[in-house]
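Hi,

Here is the structure I promised to pass on to you. Have a look at it first, and then read my notes below.

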Amino acid sequence: MRSLALLFLAAAILCGCASDPGWKRRVFAFSLPADPPITNAQTNIVALSRVSISPLFQSRSFTYRTAENSYEQDPYAGFLIPPERALAEPIRAWLRASGVFGRVVEPGSGLAPTLVVEVSVNELYGDFRKASQPVGTMEIHFICYQVKDGAAGRIVLDKVCAHETPLTRKTPDALMAAWDVDLSEIMEEINSAYAKANSVIEEPRPRQ
């Protein structure tokens with residue numbers, strides 16, 4: 001009888017721990033640009049065709065790099081939706097807000113794109129190899145190409161951007177904030193690179 005009572009007591013303790021808010025899984029999402037979309041003179045219809053994530057970081061759980069070849073996943077912190085979708089929305093918003101690409105359409109739009117953007121995320125983790133200097137790491141490969149009559153055409157931009165942002169604290173909240181900074185810096189770099197490439201393309205040739 002005593003052993004049965006002890007069993008019930010242990011179960012109650014375990015249930016109490018599991019119901020503690022500190023043990024509940026928390027989910028996060030990327031922030032969107034603060035500035036409103038910019039109306040621009042570009043005639044491009046832009047579609048973000050896909051966002052792919054390296055198989056190493058496809059989990060919705062946050063990934064922490066603890067050694068050169070060692071990673072851990074956080075069972076209590078992760079993305080609200082799969083990371084591909086979590087990144088697609090803010091990337092699309094950054095493209096729209098930049099004012100250099102054109103009119104960015106949503107998935108399923110009936111408008112035929114004239115410019116397609118493909119995104120591959122190569123790195124997305126919290127780098128905890130230096131315990132005193134944790135950083136949020138992100139690396140993204142962008143390919144932008146023209147589309148004519150439904151067929152892929154000339155590549156306008158092919159660029160890999162990487163960024164690391166120090167964490168203010170070693171917490172999931174701080175890591176998410178660092179990734180937000182990473183993404184904004186990367187998108188600023190991509191917007192600038194595309195604007196420069198596009199100005200070269202559209203620059204009139206001198207008359208003979």
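Below is what turned up, starting with the overall layout and moving on to the charged pairs.

Keep in mind that this is a predicted model. The chain has 3 helices and 8 strands, and from the N terminus they run α-β-β-β-β-α-β-β-β-β-α. Of its 208 residues, 40% count as buried. The chain exposes about 12300 Å², with carbon and sulfur atoms supplying 56% of that.

Now the charges. A search of the whole structure finds 8 salt bridges. In one of them, the side chains of Asp173 and Arg26 meet at 2.7 Å, N to O. Asp173 sits in helix α3 and Arg26 in strand β1, so this pair ties together parts that are 147 residues apart in sequence. Asp173 is partly exposed, at 30% relative accessibility, and so is Arg26, at 40%.

Another salt bridge joins Arg92 and Glu106, whose closest N and O atoms are 4.0 Å apart. Here Arg92 belongs to helix α2, while Glu106 is in the loop between β5 and β6. Arg92 is buried, with a relative accessible area of 9%, whereas Glu106 is partly exposed at 44%.

There is also a network: salt bridges with shared partners join Arg65, Glu68, Asp127 and Arg129. Within it, Arg65 and Glu68 come to 3.3 Å, N to O, and Arg65 counts as buried at 10% relative accessibility. Asp127, in strand β6, is buried too, at 6%. A polar contact of 2.6 Å joins the side chains of Asp127 and Arg129.

Cheers

Terms used. Residues are numbered from 1 along each chain as its sequence is written. This is a predicted model: local features need pLDDT of at least 70, side-chain atom pairs count only at pLDDT 80 or more; totals for chains, interfaces and linings use all residues. Side-chain values use heavy atoms; hydrogens and water are left out. Helices (H or I, at least four residues) and strands (E, at least two) are DSSP runs, numbered from the N terminus. Buried means under 20% relative accessible area, exposed over 50%, partly exposed in between (1.4 Å probe, protein chains only). Accessible areas come from the Shrake-Rupley method with a 1.4 Å probe; for residues, only the protein chains shown count as cover. A polar contact is a pair of N or O atoms within 3.5 Å; within protein, one must be able to donate a hydrogen and the other to accept it, and residues adjacent in sequence count only if both atoms are side-chain atoms.
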